[in-house]
Amino acid sequence: MSGTSLVTARERALAVLGGEPDDATLRRYLHGIAGVDAVGLEQRAAGLGTRSIKTSSKKWALDRIISLVDLTTLEGADTPGKVRSLVAKAMNPDPADATTPRVAAVCVYGDMVPYAVDALGSVHGDPDDGLISVAAVATAFPSGRSSLEIKLADTAEAVANGADEIDMVIDRGAFLAGRYGLVFDQIAAVKEACRRPDGTSASLKVILETGELVTYDNVRRASWLSILAGGDFIKTSTGKVQPAATLPVTLLMLEVVRDWHLMTGQRIGVKPAGGIRASKDAIKYLVTVAETVGEEWLQPHLFRFGASSLLNDVLLQRQKMASGHYSGADYVTID
Amino acid sequence: MSRLAVPKTYKLFIGGAFPRSESGRTYEVRSADGAFLANAAKASRKDARDAVVAARGAVAGWAGATAYNRGQVLYRIAELLEGRRAQFVAEIEEAEGLTRAQAGAQVDEAIDRWVWYAGWADKFAQVAGNANPVAGPYFNISVPEPTGVVAIVAPQDSSLVGFVSAIAPALVAGNAVVVVASERFPLSAISLAEVLATSDVPKGVVNVLTGAPAEIAPWLASHADVSALDLVGAGDLDWVDLEIAAADTLKRVLRPEQGPDAAAPALDRIAAFTETKTVWHTKSLR
């Protein structure tokens with residue numbers, strides 16, 4: 001998988017903005033976007049959550065959820081051994097059932113990338129081909145509070161180590177202070193740092209940390225800003241701040257992606273992350289994606305779940321559907 | 001001016017809360033002479049599933065509490081029952097068509113059984129455990145440990161005594177229970193759940209389902225996260241099939257008992273829901 005070409009991304013942004021991406025131009029553009037109807041948004045999300053998905057549809061949904069999961073471990077206590085066991089689970093989520101699909105990617109801190117790449121071996125590759133890619137969080141994750149040099153070095157190191165995807169955090173402080181130009185430039189610079197020597201580029205996921213942006217209007221503006229600056233994916237949260245991913249916020253981001261697609265023809269990915277633990281909730285996200293941007297988005301390069309405990313719940317549901325009786329936590333791995 | 005009666009809604013008891021059935025179903029509970037008493041929730045398999053999840057989450061805390069503490073908590077239930085004696089007597093009188101004295105005797109018996117089992121909480125391990133003689137310089141100690149989540153089909157012909165006799169022994173050892181109350185007499189079971197909710201029993205340790213045992217029990221019997229199955233009140237069900245379903249995940253099963261002596265207080269009922277852990281320990285390190 002490779003990201004969008006940088007030159008065209010910048011040209012496109014300039015064309016959309018009608019000027020250089022400085023604070024004033026971005027402010028004029030982002031604040032010109034219509035405000036979010038919060039009540040309507042939440043009602044729409046709640047309505048999408050009431051769909052009843054049963055039997056064969058549910059089976060399809062569960063398998064699809066697994067193949068869209070970024071299996072994640074982002075703890076200070078991560079060890080090479082923990083990463084290896086995470087990779088083992090990513091490759092073979094349910095050892096008792098060989099029909100279980102693989103997850104899309106494993107998501108780790110930058111310094112753990114070599115261990116993940118090593119453990120994946122020949123399975124390392126593009127999730128669209130049924131392989132597993134390695135995503136690394138970078139740019140002083142989760143707070144993003146460091147200088148641009150450090151953020152870029154962080155990113156370049158993860159890419160050099162073999163990361164296929166970079167999950168960066170935006171500078172929420174700068175965003176909330178209205179310094180949109182700074183946020184834009186940082187995303188663009190990180191995007192540049194995602195380039196590999198051979199000219200390809202790691203895919204860039206831009207984490208908005210919606211829990212810290214507080215309002216839906218801010219989420220919509222940050223989504224536009226991230227896409228304009230060249231993000232391949234927009235991601236809700238780091239998982240370290242509550243509230244993390246919610247259905248209304250994800251719906252809102254999907255709407256921005258839909259509008260961008262209508263405007264430019266370019267497809268941007270969305271990744272809700274944090275707080276999605278139950279299969280039932282994950283299925284609501286699938287419905288929301290299908291109804292907002294279309295079923296076409298339900299593939300690994302356009303939609304991901306950032307999750308760790310979700311996978312076990314999906315496996316339990318799968319076991320229930322296969323065996324006809326309820327399963328228990330003793331029948332999945334302890335992560 | 002006459003006052004409008006305010007009838008009580010009897011709901012399920014899952015994870016310390018009183019939800020309606022997920023299915024939205026209810027069924028009519030009638031008195032011995034056929035008069036309408038109340039609508040009770042008719043639990044579905046998903047309610048049973050939720051109850052097992054709640055129970056599994058409660059096991060660690062309840063089993064990890066000291067035996068003395070469990071005894072105190074169980075004894076307090078008896079205290080609270082005593083305080084609400086009149087309510088239970090009235091409920092049983094109406095539901096089973098007994099005289100006030102007979103209903104009173106049933107409530108007294110239920111309270112006495114709580115007290116009896118509560119007393120065993122910190123004494124049971126001394127009786128069921130052992131220091132085994134071994135040919136070597138080791139202590140070899142066997143202790144009973146709770147088995148985990150116990151699913152119970154409560155006796156069907158009794159409001160309170162049968163229900164109490166079924167759940168108390170499983171609780172003594174530190175198990176969490178999911179209990180299907182008597183289909184015909186479910187009201188006292190839910191009233192007892194209200195007592196449990198306001199006593200010191202942690203959330204999820206006792207989960208009460210009302211409805212058709214024939215519908216719910218097979219899901220509990222086959223549930224992989226249920227550790228043991230007490231079929232004491234399942235005599236009218238196809239309980240052999242339940243036993244077979246339980247065997248798939250190696251559950252311990254207690255078979256149905258009938259008649260007035262069903263689930264009579266006994267140490268065996270406590271022991272039935274324990275597993276023996278044996279530890280070797282050196283006598284000295286020289």
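**Reading a parallel sheet and a chain's overall shape**

Me: Let's start with strand β6 (residues 233-235) of chain A and β7(A): in which sense do they pair, and over how many bridges?

Reply: Happy to begin there, keeping in mind that this is a predicted model. In general, strands of a sheet pair through backbone hydrogen bonds, in either a parallel or an antiparallel sense. Here β6(A) and β7(A) run parallel, joined over three bridges. Within this pair, Phe233(A) is opposite Gly269(A) of β7(A).

Me: What is the order of the strands in the open sheet of chain A?

Reply: Eight strands make up the sheet, in the order β7-β6-β5-β4-β3-β2-β1-β8, and the pairing is parallel. At its edges are β7 (269-271) and β8 (305-307) of chain A, each with pairing on one side only. From one strand to the next, the twist averages 25°.

Me: Turning to chain B, how many helices and strands are there?

Reply: Chain B contains ten helices and ten strands.

Me: And how does the radius of gyration of chain B sit beside that of a compact globule?

Reply: The general idea is to set the chain against a rule based on its length: for 286 residues, a compact globule would come out near 19 Å. Chain B has 20 Å, so the two agree. Along the principal axes, the C-alpha atoms of chain B fill a box of roughly 90 × 40 × 35 Å.

Me: What share of chain B is buried, and what share of its contacts between residues at least 6 apart in sequence join residues at least 24 apart?

Reply: Of its 286 residues, 48% count as buried. For those contacts in chain B, the share is 75%.

Technical notes: Residues are numbered from 1 along each chain as its sequence is written. Chains are lettered from A and ligands numbered from 1 in the order in which they are written. This is a predicted model: local features need pLDDT of at least 70, side-chain atom pairs count only at pLDDT 80 or more; totals for chains, interfaces and linings use all residues. Two strands pair if DSSP finds at least two bridges between them. Helices (H or I, at least four residues) and strands (E, at least two) are DSSP runs, numbered from the N terminus. Axes are lines fitted to C-alpha atoms, for helices over the stretch in contact, and angles run from 0 to 180 degrees between N-to-C directions. The radius of gyration is taken over C-alpha atoms; the globule rule is 2.2 Å times the number of residues to the power 0.38. A residue is buried if 20 or more other C-beta atoms lie within 10 Å of its own, exposed if 12 or fewer, and partly exposed in between; C-beta atoms are placed from the backbone. Two residues are in contact if their C-beta atoms, placed from the backbone, lie within 7 Å.
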